[in-house]
Amino acid sequence: NVMKCTIIALVGLGGGATAQLNPCCTPVQWQGERGGLFAEVFTLQPELLGVGEKTYYDYQNNRLRLDVKVEALNNKDNEFEGTRIFRYDINEYYEIVNGTCSVSKLEGDLAAFCVPSNAVKEGEATIGGSLQTSGWSAVNGDYAESLLVSLQSCIPVVTAVANTRFIDERAEANLYVNVTQYIDTPSVFDKPSNCQSDNRVFGSFDLLDHINTDLRKKLDARISKHN
């Protein structure tokens, strides 16, 4: 995959310098689309899925919305759309799956989306002739987790995860597009209509950990298949 190889090359620039930056340089509000994910479903008929996630991150007001869409190349039964709304400001969580909405209790807070405090700067690169970026990486167990951010405003550009024990395997990565440093429609956080209460309780939510966990699962699935 050309995009993934390019990402690894970009993040690898600089040879593991020890420079640090303000870990929470990222904006307190931003929205954008996370995509470029493709997963094979290894059944009798292999399937290719395109996965996208629209993110509305509002750390300033302690709230988050994720709109997930899965598109299938062949079997439409594998397609999925869902919405998750975290309202830590009022301790409520809304989840919409297949048109059905539930509301649960929230405890804790929305974690800040930060360059990890243990990350080291791996280098800088210019993308598309004009976008200046810096790459940061941190090793957590068997995984090297990288984050590429814009140099000017620290907006996320790429997240990537590689397994340090299987260096011959390609990394899993996400590309962020249409990112803005504001929420253009605050009403996206409003309580959906016809939500039914349930007895579930959820704690704090870390968006970057959610993204990296998703990438680790996809990477592990491919490694398991090939080994």
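A disulfide is a pair of cysteine sulfur atoms within 2.5 Å. Keep that rule in mind, as cysteines are the opening stop of this tour.

Before you click, note that this is a predicted model, in which local features need pLDDT of at least 70, side-chain atom pairs count only at pLDDT 80 or more, and totals for chains, interfaces and linings use all residues. Residues are numbered from 1 along each chain as its sequence is written, and side-chain values use heavy atoms, with hydrogens and water left out.

**Stop 1: the cysteines**

Select Cys 101 and Cys 195. They form a disulfide with sulfur atoms 1.8 Å apart, and with 70° about the S-S bond the link is right-handed. The pair connects distant parts of the chain: Cys 101 sits in strand β6 (residues 100-106) and Cys 195 in strand β12 (residues 195-202), 94 residues apart. Both cysteines are buried, a word that here means under 20% relative accessible area, while exposed means over 50% and partly exposed is in between (1.4 Å probe, protein chains only).

Now select Cys 25 and Cys 154, which a disulfide joins with an S to S distance of 1.8 Å. Cys 25 lies in the loop between α1 (2-11) and β1 (29-41) and Cys 154 in the loop between β9 and β10 (156-163), so this pair ties together parts that are 129 residues apart in sequence. Is Cys 25 buried or partly exposed? At 23% relative accessibility, Cys 25 counts as partly exposed, whereas Cys 154, at 5%, is buried. The count comes to two disulfides.

**Stop 2: the whole chain**

Switch to a cartoon view. Helices (H or I, at least four residues) and strands (E, at least two) are DSSP runs, numbered from the N terminus. Of the 227 residues of the protein chain, 44% count as buried.

**Stop 3: the nonpolar core**

A nonpolar core is a set of buried Ala, Val, Leu, Ile, Met, Phe, Trp, Tyr and Cys residues joined through side-chain atoms within 4.5 Å. In the largest one, with 26 residues, select Tyr 57, Leu 64, Phe 86, Phe 113, Val 115, Phe 205 and Leu 207, which touch the most other members. Two or more residues each come from β3 (63-72), β8 (131-140), β9 (143-150) and α2 (207-226). Which element gives the most? That is α2, with five residues. Apart from this core lies another, of five residues, among them Ile 85, Tyr 94, Val 103 and Cys 195.

Next, zoom in on Phe 205. Leaving aside neighbours within four places in sequence, Phe 205 is in contact (heavy atoms within 4.5 Å) with residues including Leu 64, Arg 84, Phe 86, Asp 109 and His 210.

**Stop 4: the aromatic rings**

Rings of Phe, Tyr and Trp (its six-membered ring) pair if their centres lie within 6.5 Å; planes under 30 degrees apart count as stacked, over 60 as edge-to-face and the rest as tilted. The whole structure holds nine aromatic pairs. Select Trp 30 and Tyr 176: they are edge-to-face, 6.2 Å centre to centre with 85° between the planes. Trp 30 is in strand β1 and Tyr 176 in strand β11 (residues 172-180), 146 residues apart. Trp 30 is buried at 0% relative accessible area, and Tyr 176 is buried at 7%.

Then try Phe 86 and Tyr 93, a tilted pair at 4.9 Å centre to centre and 45° between the planes. To finish, select Trp 30, Tyr 57, Tyr 59, Phe 113 and Tyr 176, which ring pairs link into a cluster.
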